[in-house]
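My notes follow in the order I looked things up.

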Amino acid sequence: MDALTLFGLFAVSMMLVCYAAEERSPWFILAFAVACALGSIYGFLQGAWPFGLVEAVWAVVAARRWLMRRGTASM
């Protein structure tokens with residue numbers, strides 16, 4: 001297993017863990033956004049640009065969800 005494959009495995013595993021824990025804290029939503037960004041980087045590095053593009057969109061969606069949830073949690 002090469003370094004790129006390990007990186008992709010890490011990114012996707014973190015996405016799964018953070019998605020499962022989203023209800024515990026808004027910080028898991030932010031961590032999910034970061035993991036999606038890592039997944040996007042992995043997709044582009046391995047040459048699967050559609051995967052990289054979709055993961056980039058998910059990173060933006062998750063970051064927006066984090067901002068909205070963080071705003072409602074502070075009220």
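Predicted model: local features only at pLDDT ≥ 70, side-chain atom pairs only at ≥ 80, totals over all residues.

**Entry 1: overall layout.** Before counting anything, I took helices as DSSP runs of H or I with at least four residues, and strands as E runs with at least two. Reading from the N terminus, the order is α-α-α. I boxed the C-alpha atoms along the principal axes and got roughly 45 × 20 × 15 Å. The protein has 75 residues, and 29% of them count as buried. The accessible surface comes to about 5,100 Å², with 73% of that belonging to carbon and sulfur atoms. I also checked contact range: among contacts between residues at least 6 apart in sequence, 51% join residues at least 24 apart.

**Entry 2: helix H1.** H1 covers residues 3-20, which is 18 residues. From first C-alpha to last I get 26 Å, close to the 26 Å expected at 1.5 Å a residue. Which residues of H1 are buried? They are Gly8, Ala11, Met15 and Cys18. Looking down the axis of H1, I find these buried residues within an arc of 105 degrees, so they line one face of the helix. A reminder to myself: an α-helix has 3.6 residues a turn, so residues three or four places apart point the same way. On the face of H1 turned away from the buried side, I noted the exposed residues Ala3, Leu16 and Ala20.

Entry 3: I then picked Ala35 and listed its contacts, skipping neighbours within four places in sequence: Ala11, Met14 and Met15 came up.

Entry 4: Cys36 is in no disulfide either, as its nearest cysteine sulfur is that of Cys18. The disulfide count is zero. I checked burial for the pair too. Cys18 is buried at 3% relative accessibility, and Cys36 is buried at 0%.

**Entry 5: two spots on H2.** Is Ser40 buried or exposed? Ser40 sits in helix H2, residues 26-46, and I get a relative accessible area of 6% for Ser40, so it counts as buried, the limit being under 20%. Leaving out residues up to four places away in sequence, Ser40 touches Gly52, Glu55 and Ala56. Leu30 is also found in H2, but at 24% relative accessibility Leu30 counts as partly exposed.

Terms used
Residues numbered from 1 in each chain as written. Heavy atoms only, no water. Buried < 20%, exposed > 50% of the residue type's maximum accessible area, 1.4 Å probe, protein only. Contact = heavy atoms within 4.5 Å. Expected span 1.5 Å × (residues − 1). Arc of directions from axis to C-beta. Disulfide = S-S within 2.5 Å. Areas by Shrake-Rupley, 256 points an atom, 1.4 Å probe, with all protein chains shown as cover.
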